[in-house]
Amino acid sequence: MNHFDLINGVLHAEDVALPDIAAAVGTPVYVYSRATLERHAQVFRNALSGLDNPHLAFAVKSNPNLAVLKVLAKQGYGADVVSGGEMDRALAAGMAAQDIVFSGVGKTAEEILRALKAGIGQFNIESEEEGAELAMLAGSLGLTAYAVLRINPDVDAGTHGKISTGKADNKFGVGIDRAPEIYARLSALPNLHMRGVALHIGSQLTSLEPLETAFNKVGVLVQALRDQGHIITHVDLGGGLGVRYRADDNPPEPAEYGDMVARVTKDWGVRLMFEPGRVIAGNAGILLTRVIRVKPGSGNAPFVIVDAAMNDLARPALYDAWHDFEAVAPNGQKMLANIVGPVCETGDTFAMGREIDPVQANDLAIFRTAGAYGATMASTYNSRGLVPEVLVDGDKFAVVAERISPETILAAEHVPDWLK
Ligand code: PLP
């Protein structure tokens with residue numbers, strides 16, 4: 001459920017008419033709904049109500065906007081971060097350092113040191129080498145780092161290959177077969193308190209089966225580690241729950257996920273941790289765009305050229321992802337169209353041969369389900385500016401990320417004297 005609905009024939013974000021946002025901020029622009037973010041945060045929390053004090057860490061990579069993080073901080077969420085920059089954002093949003101989990105396969109020494117000094121709650125170690133470096137750096141500061149070992153369970157998540165993370169040939173974590181020996185060596189290191197394991201097998205999972213298979217493997221590993229004498233107090237189950245991008249998608253409900261987790265983990269005796277991203281933010285945002293012009297296509301589907309492009313919303317170009325496209329003021333009829341952006345790449349195509357609301361030049365339209373992995377993946381390709389972001393709360397809205405103009409980007413570039 002989300003709060004982007006038609007009111008008197010015009011699409012609104014909560015109580016704000018989208019044309020009002022376009023008039024004030026211009027297009028393209030991402031628009032987020034606070035009520036939707038809060039609702040999703042609560043639905044996910046309620047889905048886990050059968051667990052004892054689960055730790056909820058919003059996956060910042062899915063939507064790192066400071067105001068979005070603030071909304072989630074107020075909902076009691078911590079953060080899952082994968083870089084020093086994301087850590088800074090989570091802290092700036094008021095999340096407690098203790099509630100931040102630091103994941104990522106390539107943490108630099110500088111990032112680790114900063115995270116240690118900030119008092120980050122947990123490091124999710126992705127290799128033995130990283131664990132050894134973490135122990136050494138913690139020692140250099142006279143600190144103890146709390147950590148879990150991310151394992152790679154070699155399970156096919158059944159999602160797009162580029163967002164699958166739990167297969168043996170993916171770069172993430174350590175192979176589950178080697179986990180006991182690596183865990184034993186890491187546990188023996190000074191300044192490193194190993195307290196459990198983590199996994200995350202991929203994103204946009206539309207079936208619970210691979211998750212359950214992976215969790216069962218982790219259950220066996222937890223027992224094996226305990227049999228070796230290790231004290232396992234935490235297991236981080238990652239994120240990954242899929243959302244509905246198109247009408248016939250049927251992702252698992254958070255409640256079904258929560259029931260499965262409760263069933264599979266009932267004897268583990270650990271504090272469970274979660275890193276949801278898309279399920280919280282995905283349907284809480286749209287990308288508002290304006291049609292530049294409509295030009296004839298080769299068949300009976302014209303090209304609808306919108307002012308948003310692959311640099312603003314990369315998912316269709318990256319993953320062939322589907323985003324529903326709707327006119328802001330639909331007239332009830334339909335047309336067939338190819339929806340494209342202005343960037344000079346054939347890949348800058350949002351949809352081919354799609355049945356859409358009829359639109360013409362200057363009309364406003366939206367791409368739905370753009371709240372996760374949307375603005376955060378934006379680039380300046382073709383020397384386009386960085387797309388702004390707006391947060392709506394009831395009948396008010398605010399620009400929560402300014403448009404960064406091509407001029408500003410150009411101003412950061414310099415021609416060296418010896419080239420002038
Ligand atoms: N945790 C980790 C380690 C991730 O890499 C990701 C994203 O792939 C997530 C959590 C969030 O995943 P999702 O947005 O699918 O919930």
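How many Å separate the centres of domain 1 and domain 2, taken over C-alpha atoms? The two centres are 32 Å apart. Here are some notes to read alongside the structure.

This is a predicted model, in which local features need pLDDT of at least 70 and side-chain atom pairs count only at pLDDT 80 or more, while totals for chains, interfaces and linings use all residues. Residues are numbered from 1 along each chain as its sequence is written, and side-chain values use heavy atoms, with hydrogens and water left out.

1. Let us start with the domains. Domain 1 covers 4–31 + 282–411, and domain 2 covers 34–280; these bounds come from an automatic or database domain assignment. Contact here means heavy atoms within 4.5 Å. By that rule, 21 residues of domain 1 touch 22 residues of domain 2.

2. Next, the area between them. Buried area is the accessible area (1.4 Å probe) that two parts lose on being put together, summed over both. For domain 1 and domain 2 this comes to about 2000 Å², with carbon and sulfur atoms giving 54%. On the domain 1 side, Tyr319, Trp322 and Tyr373 supply 28% of the area buried against domain 2, more than any other three residues.

3. Now for charges. Side chains of opposite charge can pair when their charged atoms come close. A salt bridge is a side-chain nitrogen of Lys or Arg within 4 Å of a carboxyl oxygen of Asp or Glu. The model has 18 salt bridges by this rule, and 1 salt bridge is counted between domain 1 and domain 2. Arg34 and Asp393 form a salt bridge at 3.0 Å, N to O. Both residues also belong to a salt-bridge network with Glu38 and Lys396.

4. Have a look at Arg114 and Asp88, whose side chains meet in a salt bridge of 2.8 Å, N to O. Arg114 lies in helix α5 (residues 109–118) and Asp88 in helix α4 (residues 84–92), so this pair ties together parts that are 26 residues apart in sequence. Helices (H or I, at least four residues) and strands (E, at least two) are DSSP runs, numbered from the N terminus.

5. How open are these partners? Buried means under 20% relative accessible area, exposed over 50%, and partly exposed in between (1.4 Å probe, protein chains only). Arg114 is partly exposed at 30%, and Asp88 is partly exposed at 34%. In another pair, Asp248 and Arg246 meet at 3.6 Å, N to O; Asp248 is exposed at 60%, while Arg246 is partly exposed at 32%.

6. Arg354 is buried but has no salt bridge, and the nearest side chain of opposite charge, Asp324, is 4.6 Å away. For charge, Lys and Arg count as positive and Asp and Glu as negative; His and the chain ends are not counted. Beyond its neighbours within four places in sequence, Arg354 has contacts that include Trp322, Asp324 and Phe325.

7. Finally, a sheet to trace. Three strands form an open sheet in the order β1-β2-β3, with antiparallel pairing. Its edge strands, β1 (4–7) and β3 (16–17), each pair on one side only. Two strands pair if DSSP finds at least two bridges between them; β1 and β2 (residues 10–13) have 4 bridges. To follow the pairing by eye, find Ile7 and its bridge partner Val10 in β2.
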